[in-house]
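The following note sets out some points for a colleague who has the sequence and the coordinates at hand. It begins with a single side chain and then turns to salt bridges, the overall chain and the interface.

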Amino acid sequence: MKIAISSQGKDLTAQLDPRFGRCKYFIFVESDSHEYECIENPYINASGGAGVQSAQLVLSKNPDLVITGNLGPKAESTLNSSGIKYETGASGSIKDIIKDY
Amino acid sequence: MIISIASGKGGTGKTTVALNLALSLSENLTLLDVDVEEPNCHIFFPDIDYQEETVYSKIPQIDENKCTLCGKCAEVCQFNALAILPKKTIIFKELCHSCGGCVLLCPAKAITEVPHEIGTIKTSNINNIEFSYGLLKIGIPASPPLIKKVKDKIKLDKINIIDCPPGTSCPAIEAVKGSDFCALVCDPTPFSLNDLQLSVRALRYLNISFGVVINRCNIGDNKLIDYCYSETIDILAQIPDDRKIAEAYSKGQLIVNALPEYRKHFTELFDKIKERI
């Protein structure tokens, strides 16, 4: 499955970024093949609504699951409205996190 | 004539100065309390009747039947208030600044503007003073739209005194904008001096004439006065830290009524402001 993860670094050895709306990068990874795409978060310095925009960016890539540390209320509201599955409270390296899927 | 009473640090005595200035004058004037998050002037006018009006801003409403999910509205929105989801578009009301851009630019004309309650304005006439204050509805994050509405009550042919919110962020700037003169109320403490410097920068940027009123002028050192001299900032009035003032205030009494010897502080303050407009 395709998993979207907020990341502090550009590859799978990086640590998960506990922030969602203002994380450094978003990594979209296939849990079986480990093929991945990394996007630098353009909303990291938005004055407001960073979570809203980041959620839209992530949704536009059609992941099956979103994994992050904390979701702000507007980001959570956006993801909820779309019906996508998401998990919060995660930590550790991206590689370790996707092992379970 | 529009005189705003502002400050950097809060709690320096803006409402004290605004009220007592207004009450020391016999001309017809308008007193507006635009500290809409926490108005205080009305506390000193108990038992009066007010006319009340509800104030609305506008937020977008999307007709899901017409929306094509093209994303133009979200692209246009400077405040990230619109999110395009796979099956619908959602709006975050608290981020919307009512610019109307999304309404204008929707190719499917799917967006209309609907009213959104932001607060109330209460108005009363007290002798020669027409008094209005704004009260922001709880949960509304932005004061400037309501502050603008209260300031619609300014009468250009009269004296208008505006009791502003403290600080130098959006509410304070909206409050002082357009004044002929701003009296900055401060006290001789390091915190107040620091915040006064921020206010001075803001007012200079806005090109609004200003002067300083030092409240509780005997409680600190000379750094505040030295700063004013070095920046050639006029000190318009100095009010001492008189316990009798605090006692009167705590009983909801106005200084110029309870302690008439202070009336001249405020009439002289007005004269100095008038000279500088």
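**Notes on the predicted model**

1. B:Glu174 counts as buried, at 11% relative accessibility. B:Glu174 forms a salt bridge with B:Lys148, and the closest N and O atoms of the two are 4.0 Å apart.

2. A second salt bridge in chain B joins B:Lys9 and B:Asp187, with 3.2 Å between the closest N and O atoms. B:Lys9 lies in the loop between strand E1 (2-6) and helix H1 (14-24) of chain B, and B:Asp187 in the loop between strand E9 (181-186) and helix H6 (190-206) of chain B, so the pair ties together parts that are 178 residues apart in sequence. Are these two residues buried or exposed? B:Lys9 is buried, with a relative accessible area of 17%. B:Asp187 is also buried, with a relative accessible area of 3%.

3. B:Lys72 counts as partly exposed at 32% relative accessibility, whereas B:Glu75 is exposed, with a relative accessible area of 61%. Over all chains, a search of the whole structure finds 18 salt bridges.

4. Which side chain does B:Ser4 meet in a polar contact of 2.9 Å? The partner is the side chain of B:Ser179. Beyond its neighbours within four places in sequence, B:Ser4 is in contact with several residues, among them B:Ile162, B:Cys164, B:Val176 and B:Phe181.

5. As for chain B as a whole, there are ten helices and eleven strands. The C-alpha atoms fill a box of roughly 70 × 45 × 35 Å along the principal axes. Of the 277 residues of chain B, 50% count as buried. The accessible surface of the chain comes to about 13,800 Å², and carbon and sulfur atoms account for 50% of that surface. Among contacts in chain B with a separation of 6 or more, 72% are between residues 24 or more positions apart.

6. The interface with chain A involves 13 residues of chain B in contact with 13 residues of chain A. The area buried between the two chains is about 950 Å², and 63% of it comes from carbon and sulfur atoms. Which three residues supply more than any other three of the area that chain B buries against chain A? They are B:Asn80, B:Leu85 and B:Phe92, which together supply 47%.

7. For polar and charged interactions across this interface, the count is four residue pairs in polar contact, both residues at pLDDT 80 or more, and one salt bridge. A salt bridge joins B:Glu94 to A:Lys74, with the closest N and O atoms 3.6 Å apart. Strand E4 (residues 82-84) of chain B gives the largest share of the side of chain B that touches chain A, namely three residues. By class, that side has ten nonpolar, one polar and two charged residues.

8. A:Asn80 lies in helix H2 (residues 73-82) of chain A and counts as partly exposed, at 46% relative accessibility. A polar contact of 3.2 Å joins the side chain of A:Asn80 to that of A:Tyr86.

Conventions. Residues are numbered from 1 along each chain as its sequence is written. Chains are lettered from A and ligands numbered from 1 in the order in which they are written. Side-chain values use heavy atoms; hydrogens and water are left out. Contact means heavy atoms within 4.5 Å. Buried area is the accessible area (1.4 Å probe) that two parts lose on being put together, summed over both. A salt bridge is a side-chain nitrogen of Lys or Arg within 4 Å of a carboxyl oxygen of Asp or Glu. A polar contact is a pair of N or O atoms within 3.5 Å; within protein, one must be able to donate a hydrogen and the other to accept it, and residues adjacent in sequence count only if both atoms are side-chain atoms. Helices (H or I, at least four residues) and strands (E, at least two) are DSSP runs, numbered from the N terminus. Ala, Val, Leu, Ile, Met, Phe, Trp, Tyr, Cys and Pro count as nonpolar, Asp, Glu, Lys and Arg as charged, and the others, Gly among them, as polar. Buried means under 20% relative accessible area, exposed over 50%, partly exposed in between (1.4 Å probe, protein chains only). Accessible areas come from the Shrake-Rupley method with a 1.4 Å probe; for residues, only the protein chains shown count as cover.
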